[in-house]
Amino acid sequence: MSEKLRVGILGGTGMVGQRFIALLENHPWFEVTTIAASPRSAGKTYEEAVGERWKMTTPMPEAVKSILVMNVNEVEKVADEVDFVFSAVDMTKEEIKKIEEEYARTETPVVSNNSAHRWTPDVPMVVPEINPEHFDVIPFQKKRLGTERGFVAVKPNCSIQSYAPVLTAWKEFEPYEVVASTYQAISGAGKTFKDWPEMVENIIPYIGGEEEKSEKEPLRIWGEIKDGVIVPAQSPVITCQCIRVPVLNGHTASVFVKLRKDPSKEELIEKLAGFQGLPQKLDLPSAPKQFIQYLEEDNRPQVNLDVDFEKGMGISVGRLRKDTVYDWKFVGLSHNTVRGAAGGAVLCAELLKAQGYISRKE
């Protein structure tokens with residue numbers, strides 16, 4: 001029997017579920033053994049259930065093609081087959097909250113890509129390089145759920161990955177006011193150009209719920225644990241606009257920031273290039289060697305050239321310069337379905353395993 005942990009993908013037929021499956025092919029620690037989806041897919045092989053809807057640029061891994069898809073609502077049955085699950089289910093927020101806690105109560109850890117639990121006070125929402133200490137809230141959550149090993153952990157919204165790491169790297173310079181506009185790829189809506197032809201040569205200046213997430217979620221990441229819950233930070237104040245653009249993968253952010261201290265441009269760039277976190281120190285399998293790269297060229301970062309930096313797990317930054325109204329401005333780029341979605345969740349799971357929160361079921 002394989003030494004790898006047995007992984008289930010909840011919502012495995014959707015775009016993020018597919019990205020999980022693609023990323024986990026040949027993973028050194030994890031093996032996809034179970035795929036669960038809606039009742040209409042249950043009973044079919046994964047290849048049959050997905051059919052023509054495989055949206056990744058790489059082929060469907062051979063190892064998953066013949067896996068029989070299970071009904072995601074048969075919680076006990078699915079949980080019996082796995083050591084932990086990744087959640088990418090497509091349901092209402094209330095349904096997602098309920099089903100993820102049901103899985104946790106079967107003593108199955110849940111690492112979720114969904115937004116439903118991001119504001120549950122005792123659920124950690126983690127970018128592993130930024131706030132790994134938030135996993136310390138898990139024992140309080142287990143007490144609430146009445147579990148020994150089951151819990152829910154989530155990763156934050158894809159749109160904040162292109163600027164929240166930058167502001168974290170500059171924390172000692174005390175950013176206190178931020179204006180960010182994000183230009184977001186269509187894969188963030190689970191679409192390709194084939195699915196969404198009206199996005200070709202088009203821009204839509206609205207993405208439901210995205211601006212509130214982009215303004216508030218960084219503050220929760222920078223928060224602290226008090227009395228068994230995560231209390232968000234109060235600063236910096238962030239205001240955001242989110243725009244859908246005709247790009248398949250890659251969220252770009254144009255950001256203006258005010259700092260209480262007065263660093264030089266060289267100091268700011270040095271902080272970006274040198275920024276590392278626990279995943280780098282532990283050399284986790286999915287961790288980028290360099291988390292943030294700074295590009296000197298005036299026309300970078302570009303989606304076509306830079307979105308796959310560090311296999312999509314790194315952040316690219318450029319155009320850092322003084323501003324006439326704010327102190328500094330820059331452009332950031334991150335891969336929204338790798339670092340921003342499935343890849344970020346895989347890195348969370350790797351850190352949770354390294355810290356002993358996820359292990360083989362007896």
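Q: Two strands are said to pair if DSSP finds at least two bridges between them; in this predicted model, which residue of β14 is the bridge partner of Arg321?

A: Arg321 has Lys329 as its bridge partner in β14.

Q: Why are strands β13 and β14 called paired?

A: Strand β13, residues 315-322, is joined to β14 by 5 bridges, and because the definition asks for at least two bridges, the two strands count as paired. They run antiparallel, and together they form a hairpin with 5 residues between them.

Q: What makes β11 and β14 a pair as well?

A: Strand β11, residues 251-259, meets β14 over 7 bridges in the antiparallel sense; the requirement is at least two, so this is a pair too. One of the contacts links His251 with Ser334, its bridge partner in β14.

Q: Why is β14 described as mostly covered?

A: A residue is called buried when its relative accessible area is under 20%, and 7 of the 7 residues in β14, which spans 328-334, are buried; therefore the strand is described as mostly covered. Trp328, Phe330, Gly332 and Ser334 point one way from the strand, while Lys329, Val331 and Leu333 point the other way, and all of these are buried.

Q: Why is Asn26 called exposed?

A: Asn26 has a relative accessible area of 69%, and since exposed means over 50%, Asn26 is therefore called exposed. This residue lies in the loop between α1 (15-23) and β2 (30-37).

Q: What makes the backbone of Asn26 worth a remark, given its phi near 65°?

A: Most residues other than glycine have a negative phi. Asn26 is a residue other than glycine, yet its phi is positive.

Q: Why is Asp283 also placed among the exposed residues?

A: Its relative accessible area is 52%, and the cut-off for exposed is over 50%, so Asp283 is classed as exposed. Asp283 is found in the loop between α10 (278-282) and β12, and it has a positive phi of about 55° although it is not a glycine.

Q: What kind of peptide bond joins Ser235 and Pro236, and where does Pro236 lie?

A: The bond between Ser235 and Pro236 is cis, with omega about 5°, and Pro236 sits in the loop between β9 (229-231) and β10 (237-244). Most peptide bonds are trans. A cis bond also joins Arg300 and Pro301, where omega is about 5°, and Pro301 belongs to the loop between β12 (292-295) and α11 (303-306).

Terms used. Residues numbered from 1 in each chain as written. Predicted model: local features only at pLDDT ≥ 70, side-chain atom pairs only at ≥ 80, totals over all residues. Heavy atoms only, no water. Helix = DSSP H or I, 4+ residues; strand = E, 2+ residues; numbered from the N terminus. Buried < 20%, exposed > 50% of the residue type's maximum accessible area, 1.4 Å probe, protein only.
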